[in-house]
Amino acid sequence: MLVGPPGAGKSTVGALLAERLGVALRDTDADVAERAGRSVADIFVDHGEEHFRELEAAAVENAVREHPGVLALGGGAVLRESTRRLLTGRPVVFLDVALADAVRRVGLDTARPLLAVNPRQQWRTLMEHRRPLYTGVARVVVATDGLTPEQVADAVLDALEPTRA
């Protein structure tokens with residue numbers, strides 16, 4: 001399971017890990033959008049963050065219960081205590097990324113509702129709040145700064161090797 005902020009590479013690295021491990025990738029943001037029949041950004045705008053977080057928590061619970069492959073969690077999934085409890089003891093990897101790399105990867109001008117106004121400052125504030133939550137659920141932290149997605153996938157597999165059976 002991969003956790004981390006926007007621009008950490010959860011979806012990209014998750015796809016590489018799934019391919020290397022011969023399993024499927026599941027992205028909980030995609031699950032929420034599919035189930036709601038609308039984009040994450042539209043859910044935020046039309047129904048607010050709290051509604052989205054409820055849908056997200058349900059999507060994470062279903063995915064953890066049903067999906068045997070690689071799981072990429074939305075950046076805010078760790079905000080719910082119930083989700084953090086659910087992740088306890090599981091092979092969770094926090095993909096840590098610095099602001100400069102996040103900006104380069106996502107531009108911070110895409111349809112990311114929490115980063116719509118003053119994205120650099122919003123991202124910094126988001127990380128101040130979320131970093132302890134990410135590290136709290138993670139078995140492994142992989143710094144992605146300056147690495148290609150392939151190198152990050154290698155680092156994840158190397159770090160989890162002792163726990164893979």
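## Inside a predicted helix-and-strand model

Leaving out residues up to four places away in sequence, Val3 touches Lys10, Leu73, Val78, Val92, Val93, Phe94, Leu95, Tyr134 and Val137; contact here means heavy atoms within 4.5 Å. Val3 is found in strand E1, residues 2–3. Because its relative accessibility is 1%, Val3 counts as buried (under 20% relative accessible area; exposed is over 50% and partly exposed lies in between, with a 1.4 Å probe and protein chains only).

A quick word on what you're looking at. This is a predicted model, in which local features need pLDDT of at least 70 and side-chain atom pairs count only at pLDDT 80 or more, while totals for chains, interfaces and linings use all residues. Residues are numbered from 1 along each chain as its sequence is written, and side-chain values use heavy atoms, with hydrogens and water left out.

### The whole chain

How many helices and strands does the protein chain have? There are 8 helices and 5 strands, taken as DSSP runs numbered from the N terminus (helices are H or I with at least four residues, strands are E with at least two). Follow the sequence along and you get the pattern β-α-β-α-α-α-β-α-β-α-α-β-α. The protein chain has 165 residues, and 44% of them are buried. Take the contacts between residues at least 6 apart in sequence: 72% of these join residues at least 24 apart.

| Pair | Apart in sequence | C-alpha to C-alpha |
|---|---|---|
| Val3 and Val141 | 138 residues | 9.6 Å |
| Val60 and Leu87 | 27 residues | 9.6 Å |
| Ala33 and Ala59 | 26 residues | 10.0 Å |

### Where H2 meets H4

Helices H2 and H4 (residues 49–66) pack with their axes 9 Å apart, at an angle of about 115 degrees. That makes H2 roughly perpendicular to H4. For the record, axes are lines fitted to C-alpha atoms, for helices over the stretch in contact, and angles run from 0 to 180 degrees between N-to-C directions. Under 35 degrees is roughly parallel, over 145 roughly antiparallel, 65 to 115 roughly perpendicular, and the rest oblique.

On the H2 side, Thr28, Asp29, Asp31, Val32 and Ala36 take part, and they meet Phe52, Leu55, Glu56, Ala59, Val60 and Ala63 of H4.

Let's zoom in on Asp31, which sits in H2, residues 28–36. Is Asp31 buried or exposed? Asp31 counts as buried, because its relative accessibility is 19%. Its side chain makes a polar contact with the side chain of Arg26, at 2.7 Å (a pair of N or O atoms within 3.5 Å; within protein, one must be able to donate a hydrogen and the other to accept it, and residues adjacent in sequence count only if both atoms are side-chain atoms). Setting aside residues up to four places away in sequence, Asp31 touches Arg26, Ala59 and Ala63.

Apart from its neighbours within four places in sequence, Ala33 is in contact with Arg38, Ser39 and Val40.

Over in H4 we find Val60. With a relative accessible area of 0%, Val60 is buried. Which residues does Val60 contact, leaving aside its neighbours within four places in sequence? They are Thr28, Leu73, Ala77, Thr83 and Leu86.

H4 has another partner. Its axis and that of helix H3 (residues 40–47) come within 7 Å and cross at roughly 135 degrees. H3 and H4 are therefore oblique to each other. Val40, Ile43, Phe44 and His47 of H3 make the contact with Glu49, His51, Phe52, Arg53 and Leu55 of H4.

The structure holds 2 aromatic pairs. One of them joins Phe44 and Phe52: this pair is tilted, 4.9 Å centre to centre with 40 degrees between the planes. (Rings of Phe, Tyr and Trp, the last by its six-membered ring, pair if their centres lie within 6.5 Å; planes under 30 degrees apart are stacked, over 60 edge-to-face, and the rest tilted.) Phe44 counts as buried at 13% relative accessibility, and Phe52 counts as buried at 2%.

### H1 and H8

The axes of helix H1 (residues 10–21) and helix H8 (residues 149–160) come within 9 Å, crossing at roughly 60 degrees. That makes H1 oblique to H8. This crossing of H1 and H8 is right-handed. From H1, Thr12, Val13, Leu16, Leu17, Arg20 and Leu21 meet Pro149, Glu150, Val152, Ala153, Asp154, Val156 and Leu157 in H8.

Technical notes. A crossing is left-handed if the near helix is turned anticlockwise from the far one by less than a right angle, and right-handed if clockwise.
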